[in-house]
Amino acid sequence: MLKELYKIIYKKYYFSLILLLFMPMLFAIGCFLNLPYMVEENNLSTSALDYCAEMQMLIKYAYFLVIIYLSTDAFSGELEGGQLRLVTIHVISRTKIVLQKLSAICLFILVLHILFWLFNFSMYCLGNLKNNIPIVFSSKNIEIYIGIFGGYLVSFYVCSIISFFIGLFMKKIYTLVVVYFIWFVCRYADQIASMKNIFPEFMADYLTEISGNTTYQISGYLWSILFFFIILLILIRMFHNKNII
Amino acid sequence: MKKQKLLEIHNLTQHYGDFIALNNISFSIEKGTIIGLLGKNGAGKTTLMKTILGLLCQYDGEIKFKGKSINHGDPKIMRKISSLVDVRFYEDMSAYENLNYLLMADVKISKSNRRKKIDELLTLVGLENNSSSKVKSFSFGMKQRLALAQVFLHDAELIILDEPFVGLDPVGIEFMKSMLKQIQREKDATIIFSSHQLEEVSDLADEIVAISDGTIKYCGTLQELQNTNKKYNIWFVGKEMKIEIPYNSEILQRTIHEHLKKGIEISKIEVIENALYQLFI
């Protein structure tokens, strides 16, 4: 995994964070400068965690695009570009290649996600500097925020593994579009109430509406984690039989 | 003393859909020899190399490495095989970073040893002054040198090179040839390389494997090939046609005698020795 992280650092993937942070940063600056639209949004009943969650919802389309791109580039991109051929013939077992790439991407996403929340937390404080007492935590159930944070994280991981899987058969650009489309379609499937306990990200949205329903949350995560591992096993199996030319 | 067989290929067949790229190929390679793979474009040379390397993993037949059926998923075996087959580097990383990334797979090598080894290799291929330059700024020849450096990252016993001389200037070709001969001499490495440059093949190869339309046309030493493929071309006065006869003085005398009896005069007799070219066409 270290060598995959090494490559992620040298490929400067972390710059993608700037893209993700750009919009919340503008929002916080707007609040700080009392710009009309921003002031309206920045009401005192919002806590810092609310703010983080809202920021995530606000930029989720870009967020998912970045995550899917990173995963697609790590696998399908290298398969298409020929670098994976070099890695494959360089003494590493194919199972290890998949696991190393996936674990490096998952770790990178986790760090990205934590940084995103920390950044927004500080942006909230910046936006509320003029208020005497910024509300850091609201009285709402903390489980909601864990649900939102975890829900998005698990969704990112599921998107990553699907990107890896589809990348076995398609070029990078098609993989990116297809996985993004699947995610997009799933977002609208959110409107079907019976699916709310299947997809973790929708679970996160749902939790903001009905607080404290941990049964749904756990069920959503378990389904996703199970799905993740099934796809992983199929992926490794198929990658072993894949002609890399 | 008979040398150990390093690689044995038995009845290897490889398909691309309905197209048969390799058709029931069998040959073996002894340790420490340099094998030149000859054949036209699309003959099946690269397919053969990729199949040996496990990049094309669905095939019929058997590939044995050191007497055992090859398991492409086993790093212990694959560490003994290195290759230069359509190598693509990470363009945004430097030469050093690319090699370091590949060497990081070997956890037994410490960081300081990795640096030492990479510096040695880059010096060996003449890229010591470009070690921190990004690969995307390299010329084709420099990339080829870097590719050669990655071949020597591990002490491989079998080295597979697909068109190693393509795109190199004469100095680069001489450098590559001397490097390969040195590796063979010092480490007793077995080298399989493909090339369209017949001069390089005859200079470098101990044995030739010629492939045509997915089947083996010839497998043996260059000397044997030259002896068997040597022939006479006989040209006649007033005619544009020629006849080919085997390199045998009795047959030559008989042919000349028969034609003179018929009143056909001979204008030229030439000895054809370019056995490699004959094989190639």
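B:K177 and B:E174 form a salt bridge, with the closest N and O atoms 3.2 Å apart. The term covers a side-chain nitrogen of Lys or Arg within 4 Å of a carboxyl oxygen of Asp or Glu. This is a predicted model: local features need pLDDT of at least 70, side-chain atom pairs count only at pLDDT 80 or more, and totals for chains, interfaces and linings use all residues. Residues are numbered from 1 along each chain as its sequence is written, chains are lettered from A and ligands numbered from 1 in the order in which they are written, and side-chain values use heavy atoms, with hydrogens and water left out.

B:K177 and B:E174 are three residues apart in helix α6 of chain B, so about one helical turn separates them. An α-helix has 3.6 residues a turn, so residues three or four places apart point the same way. Helices (DSSP runs of H or I, at least four residues) and strands (runs of E, at least two) are numbered from the N terminus. B:K177 is buried at 4% relative accessibility. B:E174 is partly exposed at 46%. Buried means under 20% relative accessible area, exposed over 50%, and partly exposed in between (1.4 Å probe, protein chains only). The pair belongs to a network of salt bridges that links B:E174, B:K177, B:E200 and B:D203.

The domain assignment of chain B gives domain 1 (1-80 + 156-229 + 275-280), domain 2 (87-154) and domain 3 (230-274). Such bounds come from an automatic or database domain assignment. The C-alpha centres of domain 1 and domain 2 of chain B lie 25 Å apart. Their contact (heavy atoms within 4.5 Å) takes 14 residues from domain 1 of chain B and 11 residues from domain 2 of chain B.

These two domains of chain B bury about 1,100 Å² between them, 71% of it on carbon and sulfur atoms. Buried area is the accessible area (1.4 Å probe) that two parts lose on being put together, summed over both. In domain 1 of chain B, B:R79, B:F175 and B:M179 lose the most area to domain 2, together 42% of what that side buries. Zero salt bridges are counted between the two domains. On the side of domain 1 of chain B that touches domain 2, β7 (158-162) and α6 (170-187) of chain B each supply at least two residues. The largest share, five residues, comes from α6(B). By class, that side has 10 nonpolar, two polar and two charged residues. Here Ala, Val, Leu, Ile, Met, Phe, Trp, Tyr, Cys and Pro count as nonpolar, Asp, Glu, Lys and Arg as charged, and the others, Gly among them, as polar.

Now move to the partner. Chain A has 11 helices and zero strands. Buried residues make up 53% of its 245 residues. Of the contacts in chain A with a separation of 6 or more, 81% are between residues 24 or more positions apart. One link inside chain A is the salt bridge of A:K101 with A:E78, at 2.7 Å between the closest N and O atoms. A:K101 lies in helix α7 and A:E78 in helix α5 of chain A, so the pair ties together parts that are 23 residues apart in sequence. A:K101 is buried, with a relative accessible area of 1%. A:E78 is buried too, with a relative accessible area of 1%.

How do the chains meet? At their interface, 31 residues of chain B are in contact with 29 residues of chain A. Chain B and chain A bury about 2,700 Å² between them, 63% of it on carbon and sulfur atoms. B:L55, B:Y90 and B:Y101 supply 25% of the area that chain B buries against chain A, more than any other three residues.

The count between chain B and chain A is one salt bridge. A:R85 and B:D86 form it, with the closest N and O atoms 2.9 Å apart. The pair runs from B:D86, in the loop between β6 and α3 of chain B, to A:R85 in helix α6 of chain A. B:D86 is partly exposed at 34% relative accessibility, while A:R85 is buried at 6%.

Helix α1 (residues 2-10) of chain A has A:K3, A:E4, A:L5, A:Y6, A:K7 and A:I8 as its buried residues. Their cover includes α5 (60-81), α6 (83-88) and α7 (94-127) of chain A together with α3 of chain B.
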